[in-house]
Amino acid sequence: MGNILAIVGRPNVGKSTLFNRLTETRDAIIHSEAGVTRDRHYGKCSWNGKEFSVIDTGGYIIGSEDCFEEEIRKQVKLAVEEADVILFLVDVKEGLTSSDEDVADMLRRSDKKVLLAANKVDSALRANDHVEFYSLGLGDIYTISAVNGSGTGELLDEVVKNFNTEESFEDEYAGIPKIAVIGRPNVGKSSLINAIIGQPRNIVHNAAGTTRDALSTRYNLFGFDFLIVDTAGIRKKNKEMEDVEFYSVMRSIRSIETADVCVLMIDASEGLQAQDLNLFSLVQRNNKGVVIVVNKWDLIDKDGKTHLEFEQKIKSKIAPFDDVPIIFTSVINKQRIYKVLETAREVYASRSRQITTSELNERLLPIVKEQNPPPAYKGKYVKIKYITQLKTPYPQFVFYCNLPQYVKEPYKRFVENRLREMYNFKGVPITIYFRAK
């Protein structure tokens, strides 16, 4: 990947606001509370015909009471190493601080192109408030307002001068399966992704709610090619839910809605909870593929039948859609973590499967027409005449018959089960329609 701009600075100077403006999204959570952004957050920007990546980072600070301080600094340094150009953002409202000097000191050692931008110049009254930042010795200062966009054009003109004109991100992720790792807080979602990609992409901490933004990572190794999305833990809604958590949950839900396959992680020591069932139902309603991962399996006392009993308990709770792969992992011991990827790929292939109309009518029609037709209702007999699969991203089948209103839910489940027996739709919701012919 080339053409990368990293936005760095101390906490609460407007980095996420600027990130959202440059990427023309609302992907980064914005809040007056300092320290909201923790992990590296990637987006795309286009200016004057040049496209480049933008990295939003957490606030770089030394000596705070934030338990994530050290991990955030590590993420900032990784972003600086990865970037081609560094945008150092400062705040003219609060003026020069010792934390700004700490960031400047770190950037001087990076040997990267650094642009200094003074943010929150929202009116002419603050037009000259940036002069004190010249003492940082980083050259010219660009005065901007991330909120209203003033000054960002001149800044971007300078940014793109440092980028390769040949670089383009058009359709970079087109056709790549998108896998969202979801679950309640602190079940090991970030740890799983870090273990798979082999680097500390996402901050891991034993405090619930560590991940806040939905973070995407391209994984293209060992025959796999996925876009893996780490999401914030979704717990049961309550009156005390903070704004930051609310927005984190909304981004997690949006990740489910835009994913192809969802990896639902649960804690083996707690089992399948009500909130896990809510998430499973949300995945099913959105017609996404699903893989259930039982993490922290190393903490369970086991015998030869433990995993079978555990699996049966899960299936009894998620019924009737219980044709779902269940994998028992220990992320900390890296047990079966690549099995998760293999299974997710299989589920994606099953979700994308298209069965020809001729094959459906040759194999399935005799079963539903002659061997096991719908039961009679009020003396009326349903006769199925024709079957076809719709051209949609997930499996939907239409059965044309004379009296579709008399086909009840139990028979639809019977038809779905026959489809699952004949074709591999494990982990994939199936939609069945009966229509008048």
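Setting aside neighbours within four places in sequence, Arg10 is in contact with Lys15, Gly59, Tyr60, Asp91, Glu94, Gly95, Thr97, Ser99, Asp100 and Val103, contact meaning heavy atoms within 4.5 Å. This is a predicted model, so local features need pLDDT of at least 70 and side-chain atom pairs count only at pLDDT 80 or more, while totals for chains, interfaces and linings use all residues. Residues are numbered from 1 along each chain as its sequence is written, and side-chain values use heavy atoms, with hydrogens and water left out.

Back to Arg10: its place is in the loop between β1 (4–8) and α1 (15–23), where helices (H or I, at least four residues) and strands (E, at least two) are DSSP runs numbered from the N terminus. Arg10 is buried at a relative accessible area of 6% (buried is under 20%, exposed over 50%, partly exposed in between, with a 1.4 Å probe and protein chains only). The Arg10 side chain makes a polar contact with the side chain of Glu94 at 3.4 Å, and another of 3.3 Å joins it to the side chain of Thr97. A polar contact here is a pair of N or O atoms within 3.5 Å; within protein, one must be able to donate a hydrogen and the other to accept it, and residues adjacent in sequence count only if both atoms are side-chain atoms.

Then there are the salt bridges, 16 by count, each being a side-chain nitrogen of Lys or Arg within 4 Å of a carboxyl oxygen of Asp or Glu. Arg184 and Glu270 meet in one of them (2.9 Å, N to O). Arg184 sits in the loop between β7 (178–183) and α5 (189–197) and Glu270 in the loop between β10 (261–267) and α7 (274–285), so the pair ties together parts 86 residues apart in sequence. Arg184 is buried at 11%, whereas Glu270 is partly exposed at 42%. Asp260 and Arg351 form another salt bridge (3.6 Å, N to O), and both residues are buried.

Towards the other end of the numbering, 3 strands form an open sheet in the order β13-β14-β15, with mixed pairing; two strands pair if DSSP finds at least two bridges between them. The edge strands are β13 (384–389) and β15 (431–436), each pairing on one side only. Strand β14 (residues 396–401) runs parallel to β15, joined by 6 bridges. Ile432 lies in β15 and counts as buried at 11% relative accessibility. Leaving out residues up to four places away in sequence, Ile432 touches Phe397, Phe399, Lys412, Val415, Glu416 and Leu419.
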